[in-house]
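Morning, everyone. Keep the sequence in view as we go.

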Amino acid sequence: MLKVPFFRPDIRDDEIDEVAAVLRSGWLTTGPRAERFEKDFAAAVGARHAVAVNSCTAALHLAVAGLDLQPGDAVLVPAMTFAATAEVVLYMGAHPVLVDCDPQTLALDFEDAEQKLADLAAGRLPVPAGARCAGILPVHLGGLMVDVGKLRAFAERHGLWTVEDAAHAFPAAWRPDAAAPWRRCGEGTSEVTCFSFYANKTITTGEGGMAVTGDEELARRMRSLSLHGLSNDAWGRFEVRGAWDYRILAAGYKYNLTDVAAAIGVHQLARAEEMRRAREAVAAAYDERFAGLKELELPPRRADRVHAWHVYQVKLRPEALRIDRDAFLAELGERGVGTSVHYRPLHLHPLYEERGWRPEDLPVASEVWRRTVSLPIFPGMRDDEVGAVADAVTDLVRRYRR
Ligand SMILES: *Cc1c(COP(=O)(O)O)cnc(C)c1O
């Protein structure tokens, strides 16, 4: 039986040789490779400033800290996401206001965001009534960007900052219509956009992340906070006596990216579009194989987006199948296919249940997550591997159709 892992990183000799060169250079932590990775990444997404850090979680934390999120404030966060998106709000002593998802894309639903702001004002949420909403933190789920036009309009209407969790969305793009130029994810659509280079993300440094912004002062604050809140005084505010000298400006964090990691990143970055196209081809092959299976809902596509295809997620139609999602995943596992679920929504985890969130607060997420299945998709996936996954899924659907 051919075993197909859920993900396999695409690491080549370029990365390996560059890491070896760093190890031989005598400079292991943040240095010339991290600086080059920042420059190259900023250019790749069309951002003015990029701050390399050791995870996307760190980037999100620096973003909300840099934007001066206050204890007691509220931030709109999708329920359908990974732990990191909302926990950085909690780090600041602020309150995540969980927002339901669109039933098709599973991305943050802006209509429900409006409703949640009204609920917040009326004290109908497990968040102190009257908490000031400071920002909105949407996720480009699976690599399909949210509707940036709606995001901007929503944020302007309510006077909010926006931070994009783009952990799945490099490289990705959006445009308002077919005549407009593409806008890359990270190209100035928000105050800060945060990317992940975790081991199974679209490009990897093992662990790593990047915060990009068009705001020079915000970039400076995030960079300082990423290294203990130190100033090396690039702005000349202090009398600096030598390279050894610095001033502590704030209680910062230890989030800087090592040159060992950045050495992997510069070569991953150079191949990012090639790897995206390889994933897109896998998605197209799945779509073609599953087109006749009405028991499955296929991942949404949009003509006005360039999809990063970090995740290929199908939804089971329970009215057409005699098998539930958990059993479906177990059967795929028995057939050698690695799978995942994106996600058990936040409000169905103990941390948020204990804070008072209930399933009926997020009815779409509460229902739809029980039907989602994420299939293997990665750039080095061979045709026989794609075929084996498609065969296993097709076989299961035929066997369990009503
Ligand atoms: C992976 C992920 C993160 C966190 O990325 P790290 O680099 O592991 O910190 C944040 N948000 C989402 C949606 C993710 O999938």
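Contact here is heavy atoms within 4.5 Å. Helices (H or I, at least four residues) and strands (E, at least two) are DSSP runs, numbered from the N terminus.

Some ground rules. This is a predicted model: local features need pLDDT of at least 70, side-chain atom pairs count only at pLDDT 80 or more, and totals for chains, interfaces and linings use all residues. Residues are numbered from 1 along each chain as its sequence is written, and side-chain values use heavy atoms, with hydrogens and water left out.

Two strands pair if DSSP finds at least two bridges between them. Strand 14, residues 312-316, has 4 bridges to strand 15. There, Val314 stands opposite Val373, and Gln313 has Ser374 as its bridge partner.

Is strand 14 covered or open? Mostly covered: 5 of its 5 residues are buried. Buried means under 20% relative accessible area, exposed means over 50%, and partly exposed is in between, with a 1.4 Å probe and protein chains only. In a regular strand the side chains alternate between the two faces of the sheet. In strand 14, Tyr312, Val314 and Leu316 point one way. Gln313 and Lys315 point the other way, and they are buried too.

Strand 6 and strand 7 share 2 bridges, and Trp174 stands opposite Arg183 in strand 7.

On to helix 3. Why call helix 3 largely enclosed? Because 10 of its 11 residues, in the run 56-66, are buried. Those include Cys56, Leu60, His61 and Gly66. The cover includes strand 1 (49-53), helix 4 (83-91), strand 5 (161-165) and helix 7 (216-225). At the N-terminal end, Ser55 is the cap: a side-chain oxygen lies 3.3 Å from the backbone nitrogen of Thr57. For reference, a polar contact is a pair of N or O atoms within 3.5 Å; within protein, one must be able to donate a hydrogen and the other to accept it, and residues adjacent in sequence count only if both atoms are side-chain atoms.

Then the cores. A nonpolar core is a set of buried Ala, Val, Leu, Ile, Met, Phe, Trp, Tyr and Cys residues joined through side-chain atoms within 4.5 Å. The largest has 68 residues, and Leu69, Met80 and Val163 are among those touching the most other members. Helix 3 gives the most to this core, with 8 residues. The core draws at least three residues from each of domain 1 (13-270) and domain 2 (272-400). Those bounds come from an automatic or database domain assignment. Apart from this core lies another, of 31 residues, with Val314 and Phe328 among them.

Back to Met80. Not counting residues up to four places away in sequence, Met80 touches residues including Leu106, His342, Tyr343 and Trp369. Two of those names return in a moment.

Most residues other than glycine have a negative phi, and most peptide bonds are trans. Asp68 is exposed, at 52% relative accessible area. Leu106 counts as buried, at 1%. Leu106 sits in the loop between strand 3 (95-99) and helix 5 (110-121).

Which peptide bonds are cis? One runs from Phe170 to Pro171, with omega near -10°. Pro171 is in the loop between strand 5 and strand 6 (173-174). Another joins His342 and Tyr343, with omega about 5°. Tyr343 is in the loop between helix 10 and helix 11 (350-354).
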